[in-house]
Amino acid sequence: MPPALEVAHLTKRFGGRVAVEDVSFTVAAGEVFGFLGPNGAGKTTTVRMLGTLIAPTSGSAVVAGLPLAHENGVEIRQRIAVMPENPGLYLRLTVTENLEFFAGLYGIREPGRIGAALEAVGLQTRANDLCGDLSKGLRQRVGLARALLNDPVVLFLDEPTSGLDPLATRDVHDLIDGLRERGVTVFLTTHRLAEAELLCDRVAILNTTLRTMGRTDELRDRLFRKRLLVTTRSPLPDAGTVFDGLQGVTGWEADGSTAYEIAVTDTELAAPAVARALVAAGADILSIGEERHSLEDVYLELISEDVEASGR
Amino acid sequence: MSTERIGAVVRKELRDFRRNRFLVGTMSVLPVVFLISPMITLFRIPASAPASLVDRSVGVTSLLLFVVPAVIPPIMAAYSVIGERDQGTLEPFLTTPIRREELVLAKAFAVFIPSVTVAYGIYLAFALAVRFGAVHAVSAAVWHAPQMVAQLVFTPLIATWAIWVGIAMSVRARDVRVAQQLATLASLPALGITTLITFRVITPSVTVAVVLGLALLAVDLAAWRFVSKLFDRERLITGTRAQPS
């Protein structure tokens, strides 16, 4: 199956300001792809370029099988859906009237499509409510229903949980999970790293340029050395004789008197060897485990590098 | 061009207008305010009044009737695009397959329908009131065929011109109120021709009305193309113009 998105060297400048520079990535069909970055990193600009709202300064892309070009704008927009951070509903119209409007713009004639979209987001009972009377969470759901109307090949979600309470956020997460099960390609921009870790098959971190991309475990491995964290009841008399030369161990350092950080090449290989060596040395082991890095650690590591570089 | 997309926008706009109290209030009150004072003047004209007074008074009132299609549409049209941007609905709207020519035409239709309906309604009410309430000389001047043809032909054409001016301001201005004020000012020159007719500088006749009407129609069609070209998604979304690669 061809990729849903292929982006090559995409750049966007507004006057002298570079918003996005030389960004390249590919999103497979059916993938949930996270696009992360700080404020002003160029996430929304990228979505707007791929959604044909603004033209790239240079670079190219294929969106839902069509080259990103002015003459393909209508056809690309027919195949995709974009839900901006603000769902942008007509507050004096009802939920159904909002969806009827967008169904008309997409040329959707099947009478059941609006009902199906409402059912997908659990809003059948609010169909005749004015959008102005809905809570922010419910408006976000209407925005999602609208984005599902045209059965998009690629669905761009720009900060879909921004400003939502935890319950509404969980609802949106469930909806995105549902989209994954339906095979919809989702391009998700978010500030919420836990959200990206939870929902996305792969993520890219953008800060004007693309800083890294991959599965979250790959990014952790790429950025951080693997380490085992060991805690014993009492200090080891000679830790060097315990850890040096063990299979898979490349180095170690003490972290306080009874904690040790052991650099390893492969945790599955090294952990049993370390445990056996500790037992053989007569140590009482309180804990032994792999050091865990979250996506947040990866993100902060990369972005703080950029902040330091810009400060130099 | 997709009539389906244009229809969807027109339906949405009309629904939105109906529920916009400010707009309904403006459309109801403004024409009445324009009409009350000159109508009282017409009703006070005695049967013995000289013909010049009757012509002048009817001319002023007719001109004021043309103010309705010149003033109401730009207020609505100037809101049509920048208003969407202000309420955050423009971006989702522009990510749909609608073309810019369809969008501006649909927005224009949506303003045209209520504003011309109101303008014709006011004119009909005025003509009937004069017929039954004013002296014969005044009634005859109002029910003068060329004058009525001019009124019927120019009302939609002036409204259309005012709508294009309003939409042009709406796609370029950064503030709704500025767009509305500029659009109202810029749409007034269209009243020039009708002023010349109502004050008999150009002698009204069916031929004059049709010829000038066709000229105004041509201007309105050209304005559609021009306003479509002004419509720049990138400028509307980001406030900056697209730069060539």
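A crossing of two helices is called left-handed if the near helix is turned anticlockwise from the far one by less than a right angle. The legends below refer to a predicted model.

**View 1. Helix α3(A) packed against helix α1(B).** In this predicted model, α3(A) and α1 (residues 3-18) of chain B pack with their axes 7 Å apart and at an angle of about 160°; because angles over 145 degrees count as roughly antiparallel, the two helices are described as roughly antiparallel to each other. The crossing in which α3(A) passes α1(B) is left-handed. On the side of α3(A), the residues that meet the partner helix are Glu97(A), Phe101(A), Gly104(A) and Leu105(A), and they face Glu4(B), Arg5(B), Gly7(B), Ala8(B), Lys12(B) and Arg15(B) in α1(B). By class, the residues of this contact divide into 5 charged, 3 nonpolar and 2 polar.

**View 2. The side of chain A that touches chain B.** Contacts between the chains involve 28 residues of chain A and 28 residues of chain B. On the chain A side, the elements that give two or more residues are β1 (5-14), α2 (73-79) and α3 (95-105), and the largest share, 5 residues, comes from α3(A). This side of chain A has 14 nonpolar, 9 polar and 5 charged residues.

**View 3. The surroundings of Val135(B).** Val135(B) lies in the loop between α6 (100-133) and α7 (136-142) of chain B, and with 17 other C-beta atoms within 10 Å this residue is partly exposed. Not counting residues up to four places away in sequence, Val135(B) touches Ile45(B), Pro46(B) and Ala47(B). The C-alpha atoms of Val135(B) and Ile45(B) are separated by 7.3 Å, although these residues are 90 residues apart along the chain.

Definitions and conventions: Residues are numbered from 1 along each chain as its sequence is written. Chains are lettered from A and ligands numbered from 1 in the order in which they are written. This is a predicted model: local features need pLDDT of at least 70, side-chain atom pairs count only at pLDDT 80 or more; totals for chains, interfaces and linings use all residues. Two residues are in contact if their C-beta atoms, placed from the backbone, lie within 7 Å. Helices (H or I, at least four residues) and strands (E, at least two) are DSSP runs, numbered from the N terminus. Ala, Val, Leu, Ile, Met, Phe, Trp, Tyr, Cys and Pro count as nonpolar, Asp, Glu, Lys and Arg as charged, and the others, Gly among them, as polar. A residue is buried if 20 or more other C-beta atoms lie within 10 Å of its own, exposed if 12 or fewer, and partly exposed in between; C-beta atoms are placed from the backbone. Axes are lines fitted to C-alpha atoms, for helices over the stretch in contact, and angles run from 0 to 180 degrees between N-to-C directions. Angles under 35 degrees count as roughly parallel, over 145 as roughly antiparallel, 65 to 115 as roughly perpendicular and the rest as oblique.
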